[in-house]
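Let's take a walk through this model together, one chain contact and one local neighbourhood at a time. Keep the viewer open as you read.

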Amino acid sequence: MKVPIKVTVNGKVCESEVEPRTLLVHFLREELGLTGTKIGCDTSQCGACVVRLDGATVKSCTCLAVQADGMAVTTIEGLAQNGNLHPVQEAFWDNHGLQCGYCTAGMIMTVTELLQRNPHPSADEVRAGLEGNICRCTGYHNIVKATLAAAETMAAAPASTTATTEATEATGG
Amino acid sequence: MTTRLFGSGIRRREDPRLITGQAAYTDDIKLTGLVHAAILRSPHGHARITSIDTAAAAQAPGVLAVYTGADTEGVLNPIPCAWVIPDSDVKAVAYPAIAKDVVRYVGDAVAVVVAENRYQAEDALELISVDYAPLPAVVNPEAALQEGAPQLHEDAPGNQAFHWVAAGGDTDAAFDRAEVVVRDTIIQQKLIPNAMEPRSAIASYLSSMGELTIWNTSQNPHIARFVTCLVTGVPEHKIRVIAPEVGGGFGSKIAVYPWEMIAAFCAMKLGRPVKWTETRSENFVATTHGRDHVEYVEMAATREGRITGVRSVVYAGMGAYLSTAAPGIPTILHGLMYSGPYDIPNIKADIYGCFTNTTPVEAYRGAGRPEATFLLERLVDLLAAELNLDPVEVRRLNLIPKFDDGHDVAIGLTYDSGDYQRALDMALEHVNYGHLRHEQAHQREHGHYTGIGVSCYSEICGLGPSQVAGAVGFGGGLWESATVRFYATGKVNVYVGTSPHGQGEETTFAQIVASELGVPVDDVELIHGDTDNTPMGWGTYGSRTTVVGGGAVALSARKIKDKAVTLAAHLLEAAEADIEYADGNFFVRGAPDQGKTIQDIALMANVAWNMPAGMEPGLEATAFYDPPNFSYPFGAHVAVVSVDPDNGHIVLERYVAVDDCGPQINPMIVEGQVHGGVVQGAGQALWEGAVYDDSGQLLTGTMLDYALPRAHLVPDIETLATETPSPHNPLGVKGIGETGTIASTVTIYNAVIDALRPLGVTKLEMPLTPERVWRAIHQQDHQQDQQQDQQQG
Amino acid sequence: MYTPEFDYHKAGSVAEAIALLISHDDARLLAGGHSLLPLMRLRLARPSTLIDIGGLGDLKSISVHGDAIRIGALTTHGEIAASHDVRHANSLLAEVAGGIGDPQVRNRGTIGGNIAHADPASDWGTVLTALEASVEVQGANGSRTVAIGDFFQGPFATAVGENEIITAVTVPTLTHHEHDTGHGHGHGHDEHGHDDHGHGHEHDHGGGGLAALHGEVGEYAKMSHPASFYPVVGGAVIVNVENSRCVSARVAVGGLVPTPVRARAVEAALTGQELTADNIAAAVNHLADDLGAAIIGDVFASAEYRRVVAPVEVKHALFHAIGLAHH
């Protein structure tokens with residue numbers, strides 16, 4: 001028995017009927033074609049599937065699509081605004097914060113929330129904030145570096161991040 | 001163009017698609033009419049299949065077909081092993097895509113369901129009823145070879161997959177007259193690679209043309225095509241293998257697996273494209289594992305600490321079948337590396353390949369060389385302890401002195417170039433070794449246990465000369481090819497046979513071409529991964545892509561430069577001998593302002609309005625590069641740990657890596673490779689390990705049980721480098737993908753043992769879990785309690 | 001990855017959720033889903049009906065009434081960690097909440113869901129046991145309150161009836177002491193966590209030291225599994241200190257026996273003692289007195305090891321409570 005849901009994804013209202021067991025990540029990838037969100041495990045450990053749900057990062061493999069009914073989702077595809085990369089995306093690029101790229105969407109989504117909650121984190125706080133995201137390539141070194149760099153850019157030029165801040169606020173962040 | 005691009009840490013050109021979610025990995029690809037396969041896997045380590053009933057599954061909603069081993073038998077040939085090492089009695093037992101009579105490991109395929117969607121396919125799997133008669137299993141490689149062990153294959157009596165011996169010098173004599181001998185038993189635990197992208201394949205068959213296309217999470221699509229042809233019978237020129245974006249491999253995406261062959265079988269049967277994507281739990285049993293050695297190793301030396309011999313007996317687990325490259329790993333890539341960076345006159349490696357009821361073993365980052373480095377660096381530390389010398393001094397005494405162009409080691413290899421002492425000095429100076437030791441002594445007085453581990457390594461990379469590949473039984477060549485093509489607009493495509501999956505060659509190969517020919521790096525685009533539009537190549541593994549593939553790219557660019565000189569001479573009405581080249585400009589000596597740029601040349605060559613007599617149009621070159629030797633990167637690493645004796649908890653406080661991979665094309669990427677490699681090696685030392693029970697059940701079968709390194713558990717990695725060019729390849733490069741993993745496991749292990757030395761601990765089993773460390777510390781005190789607890793279970 | 005099929009109902013009120021529970025056999029409540037969905041994806045749990053209570057806003061409140069904090073069952077760990085009210089009234093709760101799982105687990109996982117799951121090593125189980133919390137449970141016949149000591153009935157078993165819902169957890173505040181900023185003081189520490197990352201524990205009680213401590217101090221220390229981050233063994237302590245002497249103590253441990261338990265012998269050994277390192281070390285050795293022989297064990301940490309590590313965790317918690325570094 002399918003259930004109707006209405007979810008705002010990256011600012012766009014999506015209405016659909018889903019099987020109750022459809023995971024949010026499958027809804028995003030299969031129904032909406034937003035394949036930037038990845039599936040890396042089946043036990044909620046790896047964080048490749050992290051998206052923001054009403055502003056809070058969640059593992060979209062541990063959330064049913066029906067649980068997102070009436071809520072707003074931001075995925076990696078929704079971060080860049082008007083063709084401008086989000087400062088966190090830019091910092092990952094500048095600092096070689098990715099290699100194979102598979103964990104990257106989840107990492108970046110986690111870091112956007114981390115920096116929103118703690119705009120000036122220490123390296124140890126960044127590492128603690130990445131507990132729910134596994135990367136097998138980088139040894140985390142450059143992800144931490146990228147996060148600290150993004151914090152600096154966002155502090156130095158808050159104007160450049162306005163668009164994204166608004167976007168996150170629109171999703172309840 | 002004045003920037004020297006070779007050597008500059010420019011940001012990666014592949015990243016924009018990866019940081020925006022636009023990159024397409026195999027599972028992201030959708031085709032019209034796509035259906036989904038799910039594979040039923042054996043829940044038993046070893047069992048006879050007595051019956052299978054698929055009727056209910058076939059009737060389930062959305063199900064198109066259910067196939068078993070009875071359907072694939074005779075249609076799909078067994079999955080072949082591609083590295084049959086000579087003179088070692090290799091038993092390349094048949095590996096059927098779907099097991100029909102006997103399952104030999106948890107994960108062996110028993111049936112496949114194809115359905116309209118993946119949920120339906122998974123539901124239907126539960127409706128297949130299989131009766132198994134369980135058989136006794138064996139999971140430990142050494143136990144597998146014992147008399148009376150459960151037998152896996154009729155064709156491999158005693159479970160022996162092969163027996164390989166390599167020797168140099170007179171090792172037994174060296175041990176007979178040794179002044180000192182140290183010994184160790186080392187368990188290189190089985191590891192589960194866990195590339196973040198699970199494996200996936202889509203197969204599509206055009207029956208009218210007999211054409212099979214497979215999107216495959218592969219490190220080596222050309223090898224995958226070759227093996228697909230052997231298994232499916234579709235001729236090689238009718239097969240296209242595409243490795244799209246690939247999310248890490250670490251060796252686990254080298255093998256050609258039964259699973260993509262099953263997808264191909266289903267696609268050919270059903271006339272619809274079929275996708276199979278493993279879940280992570282499936283990945284734990286169905287994607288190859290690494291390491292799994294039981295090693296008895298010993299080192300002979302003089303009282304002064306000079307090493308006179310190394311020998312081993314190694315039981316290397318192969319899992320239930322021989323995976324694509326498996327036999328070559330504990331032999332060629334391990335047994336031949338017992339000299340490491342040291343001058344050791346007598347070496348003997350005695351290696352048994354063993355079948356066990358576990359997931360097949362394959363290359364895993366470092367593949368054989370971490371194990372070799374581990375035993376060597378372990379033995380050197382034991383020797384230092386035995387002789388009461390500082391472990392650094394024993395290393396210094398035995399390091400091969402600096403050499404620029406070839407050094408023969410006892411086992412028969414010729415190292416290319418090395419300056420081991422310098423790397424060690426740099427590492428020790430960076431950490432201020434003397435001060436560290438002083439601090440350590442001070443902390444011990446206060447009951448704090450810190451440890452310092454130092455290791456030196458040399459590894460065999462840049463695989464390798466094809467002639468050697470043939471001699472050691474590798475079922476293919478090891479050369480690479482590349483095509484560099486200029487368009488009239490001056491833009492460039494580079495087509496390569498290697499298949500990077502995270503290593504950043506879209507950037508580094510563009511840097512090579514930009515440096516050789518003076519084009520902006522952004523004007524160069526790399527094409528890789530698709531057998532239909534790339535030249536032949538043997539793939540990305542063994543730290544060979546930059547060395548061999550990069551060599552082919554450089555040689556192609558140089559051919560282009562030769563043609564450009566001829567064309568420039570013609571256009572400038574000068575003699576070829578008078579043409580000079582600088583930064584993308586070809587000019588008559590003394591007149592750089594009136595030269596022709598490479599873009600001018602590209603335009604003219606493409607329109608061909610004014611060409612020298614006899615010159616072919618176009619500005620394009622292909623080069624095939626077969627290296628004359630392997631490359632031998634090296635380095636020295638230092639780890640600092642602290643251990644809490646109360647609970648055995650280890651903290652990795654500091655890690656310093658000095659690596660020499662020759663000239664660095666992009667230092668940022670080199671450092672990234674070292675960071676990742678070091679942490680992966682730390683994973684083996686501290687957290688990772690497959691645990692099987694006696695019946696072959698994998699007890700660490702999910703990410704809830706199998707611990708991977710996490711951000712908050714590792715420190716920043718301090719990277720330094722020396723630069724010793726390889727004398728024999730066009731760029732002088734040596735490879736960097738595996739160095740971190742090769743050195744870090746034993747460096748951290750040695751540091752932990754060093755920390756615990758005052759507590760009398762000399763030996764631990766990996767991973768160094770808090771409990772194991774605590775047990776080692778408290779073994780004597782608590783032996784009685786332990787027995788009591790076990791009784792009460 | 002793929003759960004079996006189930007029927008789905010979204011409850012609009014607690015009463016409706018209870019009615020749905022009564023009318024559906026084999027139904028399970030879905031709150032954050034962080035305990036249930038992973039089991040369903042591995043097809044280890046297969047309820048025929050899920051009743052989604054995630055929308056019940058009145059179960060998401062935090063309120064302080066006198067000397068008690070009432071936390072709605074659907075309050076997430078993250079909300080508890082971030083709540084100024086909680087931090088002010090009983091900062092141990094906030095610190096523990098901030099150390100559960102990872103940021104995404106804290107964003108979704110709820111205190112009610114966590115205790116309903118009743119993992120023997122659960123952070124909340126151990127800490128709420130030490131705090132002598134009580135659990136509000138609602139059924140068709142109204143609400144009842146269950147003392148935490150009666151709540152956990154075995155591994156993954158609680159006193160919640162088949163057709164009942166946990167609605168709130170009530171926790172006493174910690175009494176004030178002068179050296180914090182006017183509120184009870186608590187912390188969580190993870191032996192595998194970032195607190196330990198390369199630097200050991202840094203602890204600062206404003207330089208006043210033990211002698212300056214007055215009132216109740218709560219601490220929690222645990223060893224987490226390096227893969228799952230689930231606690232393996234945890235120890236929670238609340239000590240009432242006056243003039244560096246322990247007036248009273250409440251100590252609980254998790255991950256040892258089927259439910260979290262009070263360590264009464266340790267409490268007794270601490271009471272009346274000067275809180276010196278030696279006295280603490282001696283007191284925690286009484287932990288064995290409170291445990292039977294049947295200690296839990298697994299591949300990562302055997303029974304024998306847990307038996308040894310538990311007092312170490314309690315010791316660490318006590319050391320932190322009084323401002324002693326344990327390294």
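Predicted model: local features only at pLDDT ≥ 70, side-chain atom pairs only at ≥ 80, totals over all residues.

The paragraphs below start with the contacts between chains and then turn to some local details.

Every value below was computed from it.

Begin where chain A meets chain B. This contact draws on 45 residues from chain A and 52 residues from chain B. Putting the two chains together buries about 4400 Å², with 54% of that area on carbon and sulfur atoms. On the chain A side, the residues that lose the most area to chain B are Trp93(A), Arg127(A) and Arg136(A), which together make up 20% of what that side buries.

What about charges and polar groups here? Between chain A and chain B there are eight salt bridges. One of them links Arg21(A) to Asp123(B), with the closest N and O atoms 2.5 Å apart.

Which elements of chain A give two or more residues to the side that touches chain B? They are helices H1 (24-31), H2 (87-94), H3 (104-117), H4 (123-129) and H5 (141-156) of chain A. Of these, H2(A) gives the most, with five residues. Sorted by class, this side of chain A holds 17 nonpolar, 17 polar and 11 charged residues.

Now move over to the contact of chain A with chain C. Here 36 residues come from chain A and 32 residues from chain C. The two chains bury about 2800 Å² between them, 55% of it on carbon and sulfur atoms. Across this interface there is one salt bridge. To find it, look for Lys59(A) and Asp102(C), whose closest N and O atoms are 2.7 Å apart. The polar contacts between chain C and chain A come to 12 residue pairs, both partners being at pLDDT 80 or more.

On the chain C side, strand S1 (7-10), helix H2 (36-41), strand S3 (49-52) and helix H6 (103-108) each supply at least two of the residues that touch chain A. The largest share, four residues, comes from H6(C). By class, this side of chain C is made of 14 nonpolar, 11 polar and seven charged residues.

While you have chain C in view, pick out Ser63(C), which lies in strand S4 (residues 62-65). The side chain of Ser63(C) makes a polar contact of 3.0 Å with the side chain of His65(C). Leaving out residues up to four places away in sequence, Ser63(C) also touches Ala68(C), Ile69(C) and Arg70(C).

Next, turn to the aromatic rings. Over all chains the count is 18 aromatic pairs. Take Tyr296(B) and Tyr315(B): their ring centres lie 6.4 Å apart and their planes stand at 85°, so this pair is edge-to-face. Tyr296(B) sits in strand S13 (residues 290-301) and Tyr315(B) in strand S14 (residues 307-319) of chain B, so the pair ties together parts 19 residues apart in sequence. Elsewhere among the aromatics, Tyr95(B), Tyr105(B) and Tyr321(B) form one cluster.

Staying in chain B, find Ala469(B) in helix H14 (residues 466-471). Ala469(B) has a relative accessible area of 2%, so it counts as buried. Not counting residues up to four places away in sequence, Ala469(B) touches Phe474(B), Gly476(B) and Leu478(B). The C-alpha atom of Ala469(B) is also separated by 9.8 Å from that of Ile85(B), a residue 384 residues apart from it along the chain.

Our last stop is helix H17 of chain B (residues 598-607), whose buried residues are Ile598(B), Ile601(B), Ala602(B), Met604(B) and Ala605(B). In an α-helix there are 3.6 residues a turn, so residues three or four places apart point the same way. The buried residues of H17(B) pack against strand S19 (480-486), helix H15 (505-517), helix H16 (545-571), strand S23 (585-588), strand S24 (596-597) and strand S25 (619-625) of chain B. Following H17(B) comes Ala608(B), with a positive phi near 60°.

How values were computed
Residues numbered from 1 in each chain as written. Chains lettered and ligands numbered in written order. Heavy atoms only, no water. Contact = heavy atoms within 4.5 Å. Buried area = accessible area lost by both parts, 1.4 Å probe. Salt bridge = Lys/Arg side-chain N within 4 Å of Asp/Glu carboxyl O. Polar contact = N/O pair within 3.5 Å; in protein donor to acceptor, adjacent residues only side chain to side chain. Nonpolar A, V, L, I, M, F, W, Y, C, P; charged D, E, K, R; others polar. Buried < 20%, exposed > 50% of the residue type's maximum accessible area, 1.4 Å probe, protein only. Phe/Tyr/Trp six-rings, centres within 6.5 Å; stacked < 30°, edge-to-face > 60°.
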